Each structure stands twice: as structure tokens, then as C-alpha cells.
Amino acid sequence: MLAGASGGRGWSGAWAANAGVIVTDNPDDIITYTMSDGTVLGGGKAIKLAADTPVSATLPRLIERDLAAPVTSGDDVFVSFIFKIKNPNAPDGELVPAGDNITSIWYAKDSDPNLRFDSLGYIGYSGKVGASMAAPTGATLVSTQLKTGQTYFAVVRYSGWDGSSYKKCRVWLNPATNDETAVSTTITNERTVTTAGVGSDSFLGLCVGGYGITSGGRYQVIDDIRVGYTWTAVTNPRTTFIASENFDSYAPGSKLAGAVGGTGWDGPWSAKNTATIIDDPADAVTYTLNDGTVRGGGSALKISGTGVNAATTVAAVLERRFARVPEGEDVYGSFVFKIKDPSLPDGTPLVGNTCALWYAADAAKDELRDIAAFAGYGGKAGGRLAGGWPTVTTPLVAGQSYLLVFRYSGWNDGIQAYDNCRVWLNPTTDDEASTDAAITVERAGNSAGYGNTDVRGLYVNTLGLTLNGAYHVVDDIRVGTDWASVVGEPTPSFDPGTPPQLSALPTGEFVAGDTITLAGNNFTGLTRVLIGGVEALVTASTDTTITVVIPENAAGGAVAVFTPSGCSIAADSLTIATQPSFVTNPAATQVAVEGRPVDLTADVWAHGAISYEWQYRANDTAAWETVPGSISVGAYTNELSLLMPDGKNGWQFRCVASTAAGSVEGTPVILTVIENLLDAPAGLVTGSGDYSQFVYVSDRAAHTVSVLSPNGSFALLAGKTGYSGNSDGNGDGARFTRPRGLAFSSTNSLIVADYGNGPLRSIALDTAAVQTLNATGPDAWLASPAAVATDAAGMTYIADTGNQLIKRLNADGVMEIFAGSAISGTDNGALLDAKFKNPAGLAVSTSGSRIYVADTGNHVIRLIDLSTGQVSTFAGQMASPGAVDGAALSTASFDSPTGIVLDSSGDLYVADSGNSRIRVITTNTTGAAEAVVTLAGSVPGFRDGPGKTAWFDAPEALAIGADGVLYVADTGNGIIRRIDTSADAIVSTPAMKTVTYPPSGGTDPDGDNGSGGGGGGGSTSIWFLLALAASAALRGRKK
């Protein structure tokens, strides 16, 4: 399996891969590809890419690996590899059908785990190769159709850096070595986007996903993956170089520990304080090879003794890992050194042990069993393994510079280890095959358990060196996989010169087409300037100034300057005004209530200062005029509050947004003004049985109970508007005082919590007859009941708000205290030990075993569990108001929650009155609360729209209708609102109209009362708790 493998070079850590990805050496899967210059790619082992399960739940990837040197500066990044597609159901050579997606997706992995918006290359999508960002539908494909079983060479380039992300991805199929600039769509194509938020924000590594690849069936074979900054780096022959270090980038006198110079390493040096950087001429170390190549010079590394002779499992002096870990290849290393001993004059043969040992580090790092090259043991150099110390015959001399070359080899497949170490002292460039004992010797292990399982890096131990005594000076360390890579020409280096540096940008507000001057340094050789990710026209430049024209469509004011020496991105940004764009407009039609304010808002995006003007007209042909301040507040902001909508039915309103770049008119909204039919709706419940299409509403300010039909018809059921009292009777002959909670009984009568009078009342829906429910028992009295709910067993639960109790009324009319101790408080515990504070909402589960309480004064939702007889906190922070979404018990908070309603999945909707929001408490399969999310609402006001863009004013009750719509008693606005079943949770206001009871709208006979109830703020009706389809729709909008 590939997972955990750490071969290759330039990577950080091991491959992450799922179980469907394996390393294969099956002859049928070995792939090679010959480039136009004769370079052969691939061969040997490859990876077989088949789907299994994702590496993690958040990323649909098959393999992934980070780079040792992540690219965060916006440089172009090239990736190449060879591949073939195999399909057991199709013979080799057959075209891959356009609809047969045997696809690998090559992402530029960045800091954001959401791969959907990253730059990516496709291999096999629609039987072709191509590039995409954001979605497969945006793929740009090479026209050549792939064939099953044929080997191909692919190159992917991630480019188009705009200061924050890569906006381009180009893919080549089977290009020649000089095809980087090719334009033929038979071999190359490019995908470009300008959308904000799309494109990888860096190149931290590769992520490869799968699409249409299935385990045990179709798969891809991949080999010879390369990543580089240039075309040449990923198309030319692979180098044998592994790592190098010459210490010239470090400050003299500094400690080596934590230093990160050199090339090809993974992470910094780990070192003791005795490893220091020096540039003392007396300690300079250089060596000239027979071909004139000079090794060393400049700063060097001084290794002194640590006071101990040997390491155990940790390097005694220094250690560093390679970015590339060879897989069984011979590993060569070289460095120049000299040994200094204050007790010996320079030129004197060394005696005793003034030794440094260069171990091949593997996972175990066992100095006894690992192979090592050494210098200074017994005054000579050689190779070591276990107890063996063979040396070359040439003695070492104090103060003289030497070249030491070593090779870790003898890979033994049987024991999976290297067990040979050969050393050369001062060889010529052609001495690799020499057997002259004066310059070379080899130590061979050949014992199971000895040698290295791999060569991950170097670690250095000392023997015989003591503090303030003898020491080694080392320079020009090189590691590679062949002799030439460590003995030949010096490792190539590139001096990029001094990168450009932008200083402060011009201030003020600009528009496209303006000419500006950028100031800074090192602009000579300027190649391009990006403003807002778009290339700008340069009209003049010097080493310290650049004159450019601000381009059209600049996505913001970020400025980046490029020269061959690098890139400079300004710390601040230009202010470039763009024409406004309306992110959201008001709903096309907004209902307003006579005598009550209504709010209109327009969310606008633009760069630069935005000004607003709200306009109106009375009809389609009238001229637009500014909304006067006499009827509104906020006519010159993005939020208009129309104070008195009376007489403005059919009027149109729009917002005009302007910047220095121009003005844009928003979509008009038409006002529909309706009668003021409610004062303060405080209770809701959906009908049952023959009345299941209706929603019943209590109005605590008008002292009435009414009914709303789906077509907006609104009829008074009982009570008389504006008249309080406490008398039974039919219809408007009855009197209530501040009625609140509603529920349906098992006999299909409507139960009313008559908050101002105390008792429960019952309304027969066929006759509108109201009668008082006279309960019996020592606890048969109520003080300001705010909520009521029923279950399938005929039990009625009451939030006895004034007494801080939850009471229960059975079918025989006996009332008892069910939970609470008649004292305001926060205690959880046994039913009669618990304490509530102004409970005002109830809901009952379908099983009847769980009662939910909106504990309004404590700002939490409580749970009464009948199976355990315990009261607990279900969601929110006890006695701590807030408006935070998140984990139900540890993070989320409410402010004076009132109405609650359950859906059939067990999720609970909450009218969070103090926050003017509708919240949802999601639950798991055990019924435990998981998270609280805001479904709709944000600030107090009256505005329709999707989700959080809508506004409510202290809503107190909820009910779920037969069609799955969530009804809201928007108490502060004196209106009923609807939240539809879409994922956007669109909030609208029904255009209600007065009719005589009973209203029209039809019925939806159900006949099965099931179990349910209502509560001060309401809950689902009996029939609806069995309506799973509507519940599923509700879940779609809240997740």
C-alpha cells in the first residue's frame, strides 16, 4: 500500500492514501513513456490508483502529500506524471467513451480544506484530460480522446496568481519538450476564472481525488510524479541529486541548531551547542579535485566534542533528514573536512581517537547497528558497522584539508536493509571503482538485524573529541544517488538577484482607466504588474517608479510587481471604485400592515465608498422620486424603514446605489398593504382531522382566538377584539384575557391557555362554543398559564408560568403538579425538585415520554424525561442570555425563548423571542441535542427574504402546517409569517383578509389523532407528527 510510504524527494512526511491505492510491479501495470528528446519516463514500480474510501471525511481524495518547501509566493507550479487507464471491461486500445469517467483529479492543495474551489487538472474526465475550477461543468478539455491501456504523459500548470489565488490551470497531453507555448487544443487547454474565492491560495502539496474509479474494477496507473517551478524541471531527465549544504547562508558564530539553509532537506538542522558556524581563516577548509573543481570555502561547520563518547538513540552532535528518502538505491555522500588538535602542530599525524562518525539515519537510529563513515578513528578514515572499524591505510594529519566520499549500499531485499559502507579518502573524479587500500575501504555487515532499513538523513556522533579540545571543521556536504552527484561539478546555484520592493501605495479613490505611479526599489527588468489580479498596462518604469493604468475588471486593489528576481505584493491595497452590484434585493413583493412600519433593505457590494438613495413611484408610469423623510427613516442608507404604509398599496420602491464608477438601480419591490388584523399574536397550533389545513392563532392584546386558512382567509373564532373578560359562550360572545398557548385535545377541541384569567378554556370548532375546563384536585388552579400541550394518551401539560410549575391534567379532569417546586430557580434533578423561571413554551414527543419546556426566564430549553423522572437542560446556557449558534449544551445560547415545536424527526424549532430569531435544535438518533442553528432572522424589524436576511420582532409562537411550512407568530409586528420548506428558508408574509368563520380553504381529513399537542408558542398538531415527508422537507432547509 502507498499509505505511509516516504520515498521520493522534496516532500514533507509520508504519503497519505486510502486502501485502494497500492504500489504495483505487475508487468501489465508497468508504464514507460519516451519524450521527444529520447528521455524515458517511468519504468519499474508504479502506483495503482483505485477507489476505496476517502483519506478523511472532509476531503474526497485518494492520495495526498505535502511539499517540503510549500509554494506560498504565487510562483507558477508545474506537475508532470505518466499514466494509463485500465478497464477490465474494455480491450486495450479502445477509446474511453465520453460518458465513462475513469478520472483522477489533481488538486493544488492549499490552506482551505474545501477542494471544490481549488485549481485542478482532470485525467480521464469524459475520456479526456483537462482543467477545471469549482465544478466539473466548468472543465476545459484537450480534444484528444484517451485510449484504454495506452501510456500518456501529462503536464499540469497552476498559474494566474492574482495576489491571493491561482486563477489558471493548464494541462498538456503528450507534449514535446519544446511544447510549453503550444496552443493546439489537441495537446493543451487552459481553464481560467475570475470569481472571488475560486482558485488555490497556495501550493502546499498534491491532493489526488477520484471520480468513477471503483475498487476491483477500473483504475489508473501513475508513475514518475514530478513537481517544479519550471517546464524544464518536470520534463527533463530526473536528477540524482538529494541534498547539499555549504553553511554560507548562516551568520558566523551562530549555532547550527534550527538552521534551515541548504537544498533538499526536510526541516532544520537538529544539533548540540557544540556545532557552530565559523568563518575564521585559520579554520577555512577547501579541497581541489584533479579536474580543478574546488570544494569548500567560505563559512564552515565546527564540530566539537560533547563530553561523551557515543550517542544512544539520539545524535550526539547533529542530525538532519532528507526531503527525498531513497527506496533501496545506493546513497552517496561527500564533504571536505580537517581535524584540529590544540595539542598537535598542524602537519602532525593524528593519534588516538579524534573521531566524527557520519551515520545513515533510519527510523531506529541505533548507532551500534547502523552503518557509518568516520574520520579520525585511530588517526584514519573508514567505514563502521557494529564492532568493525576497517580503515584506509593513509593516516590523517592535523590541520590538513581532505575530501571524504562515502557510499551506503548493499541493499538486501531479504532483510530489507543496507548493510555496506564504503569510504574514499581524497579520490580523483574517476576513482569510484578503485580498490587501492590507500584511498578506499568497505565495511560489510551481512548479518540480520544490522544495517539500515532506509537512509532518511544523516546524524553525526563523536568519539574522543572533548570540549575545548580537538574538533572537526566540515564544509560542502553533498548527498546523491550516484558518484557524479557528489564528486563532480559543484551543485548548481541560482542567484535571483534582489527582488522588487513596493513602498506605500497612492492614496485616494480611483477608477478603472486612471493612471497612477507606484514607488519602491529594484524595479529594473519589470515583467508585469497585477492590480486586483488583472495585468495592468505599464506606460513607464524606472528602478524606483512604475506608471500604470488601472485595468478594467480589477478584482480589488491588491498590487503585485514582478521582475526576474521575484515578486513584491503591497501590504495595503488601492481603493478602486467599481460599479455597485446588488447581492440581494428586497423580495419582489413585500406585505405591509396598516399602521405598522415595514423594512426594505438592499445588500450591495462594491469597491469604494457607496451612497444610497431610496426611490418610489405610485404606479408603473409614474416618475421615480426620492422617498421623503416624512414617511420613512433611512432613505439614504441601504435600509429603509417605511413608517406608515397606509394608502400605499401597489406602490413601488427601489434602491439606487452609487460609487465614483457609476450608479446601479436595484430591482423594484411592490408593496402589498393589508388590514391590521392582529395586535400581538402569541399562540399558534395547526388543526387536526377535518381542520388540518388551518392554523389557529391567539392574540394576547386583542383577547381573541382566530383561524387562518392557506389562501390567507382570516376569521375570528372566539372572543371579541379589544374586549377582555372571563365568560363562556359562542364565538364573539365569549371573553378571554390575554390568551396565549393553544393545543388540540384528544376529542379535537381547541384548548386555550387563558393567561390573564388563569383557567384552561376549550373551543368546539364546529360551533365555536367556548367553555371553561374545570379541573379537580388540590393543585387544580393556575396562575398565568402561558403554554399547553397534549399527548396521545389524553394528558394535557400546562406551563403554569406564574407558579413556576409544569402541571398535568388527565382525561378525568384531575390536575396535579408534574414538575417544578413552585420556586423560581435553575435546579435540574428529580421532577418535583427542579426549578423553572417563567416557563412559557411546551412540546411533547410523539412517544409522550419527553416533554420540552421553553424556560423563558432562564434562557434555556429544558427536557423532562418521563422514563427517568428527571429534568435536565436540553440546550442553551442556564441563566445566561445570548445569541450564539453551536454545540447545544456547551456553546449555544438563547434570549427569552418562548414558543417551541417538534418535527417528527425529533428536531426542535424555537421562537427565540429576545433575539427576534427562529432557531433549530438538531438531535441525534438517541434524541440528544447536538447543535443549535439559526434558521431565520437576525435583528428586530419587519422584512421578508431568505433565512437570516429576514427580520422578525420578538416572535412568540410556532406551528408546522400540513404542507411543511413553518408558521411564526411575529408578535412585535402583529402578523403571521411563513418559512417555506426550501433550503433557503424563504420567509414571507401571507396577505391575510377578513372573512366570516368558518374560513374557506378546504379540509384534509385525517381521522387519526396520533399524538401531539401545542404550547405557548405552540407545537405540531396530532396528525402532523406522522407526516414524515413534510418533516424531511423541513430538515432540508435547516441543515
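1. In this predicted model, four strands form an open sheet in the order β63-β64-β65-β66, and their pairing is antiparallel. The edge positions are held by β63 (785-790) and β66 (815-819); each has a single partner strand, so one side of each is left without a neighbour in the sheet. From one strand to the next, the twist averages 30 degrees.

2. Strand β65 (residues 805-809) is antiparallel to β66, with 4 bridges between them. Within this pairing, K807 has I817 of β66 as its bridge partner.

3. A further point concerns strand β71 (residues 870-875), which pairs with strand β67 (residues 829-830) in the antiparallel sense through 2 bridges. There, G829 is bridged to V871 of β71.

4. Strand β71 also runs antiparallel to strand β70 (residues 860-865), and 5 bridges join the two. One of the residue pairs is R862 with T873, the latter in β71. β70 and β71 form a hairpin with 4 residues between the strands, in which G869 adopts a positive phi near 70 degrees.

How values were computed
Residues are numbered from 1 along each chain as its sequence is written. This is a predicted model: local features need pLDDT of at least 70, side-chain atom pairs count only at pLDDT 80 or more; totals for chains, interfaces and linings use all residues. Side-chain values use heavy atoms; hydrogens and water are left out. Two strands pair if DSSP finds at least two bridges between them. Axes are lines fitted to C-alpha atoms, for helices over the stretch in contact, and angles run from 0 to 180 degrees between N-to-C directions.
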